[in-house]
Amino acid sequence: MFLRVARHTNNLENIENFYVNILGFERLGGFKNHNNYDGIFIGKSGLDWHFEFTQSEAKANHIFDEDDVIVLYPKTILDYNELINRLLRNNILTITAINPFWNENGKMFQDPDGYRIVVSPLKAVISEIK
């Protein structure tokens, strides 16, 4: 099975910069003016999932709450620390999660559209599985 998470945005350029240059994903492809939509595919090569972000003349109407999050688990603590430092160097400030689990097991940030991203060290994955 393949997974695509698709989301509309009002600023494709900022979204691409955030997910590729700051979070470290890859731009896997994209399209221009396909039925009046521009879009990009972002993920990691060789995996069975990716994000699709689209932009059109219709404005995005994001409706989400504080518990709607994307959780990223870097593979090593070194990767975790590098990602946190890259976010902070780019003036992406941490925010407090409403769910205390994420405050205890990672750090929460917001992408350019206001969606919450949690960066959590691998130990949190192990404790969830047990």
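Residues are numbered from 1 along each chain as its sequence is written. In this predicted model local features need pLDDT of at least 70 and side-chain atom pairs count only at pLDDT 80 or more, while totals for chains, interfaces and linings use all residues, and side-chain values use heavy atoms, with hydrogens and water left out.

User: Which strands stand at the edges of the open sheet of 4 strands?
Analyst: Strands here are DSSP runs of E with at least two residues, and helices are runs of H or I with at least four, numbered from the N terminus. Two strands pair if DSSP finds at least two bridges between them. The pairing is mixed and the order is β1-β4-β3-β2. Each edge strand has a single partner, so one side of it lacks a neighbour in the sheet; these strands are β1 (3-8) and β2 (26-34).

User: Which residue of β3 stands opposite Gly30?
Analyst: β2 pairs with β3 (residues 37-43) in the antiparallel sense over 6 bridges. Opposite Gly30 stands Ile40.

User: Is Arg7 buried or exposed?
Analyst: Arg7 is found in strand β1. Buried means under 20% relative accessible area, exposed over 50%, and partly exposed in between (1.4 Å probe, protein chains only). At a relative accessible area of 12%, Arg7 is buried.
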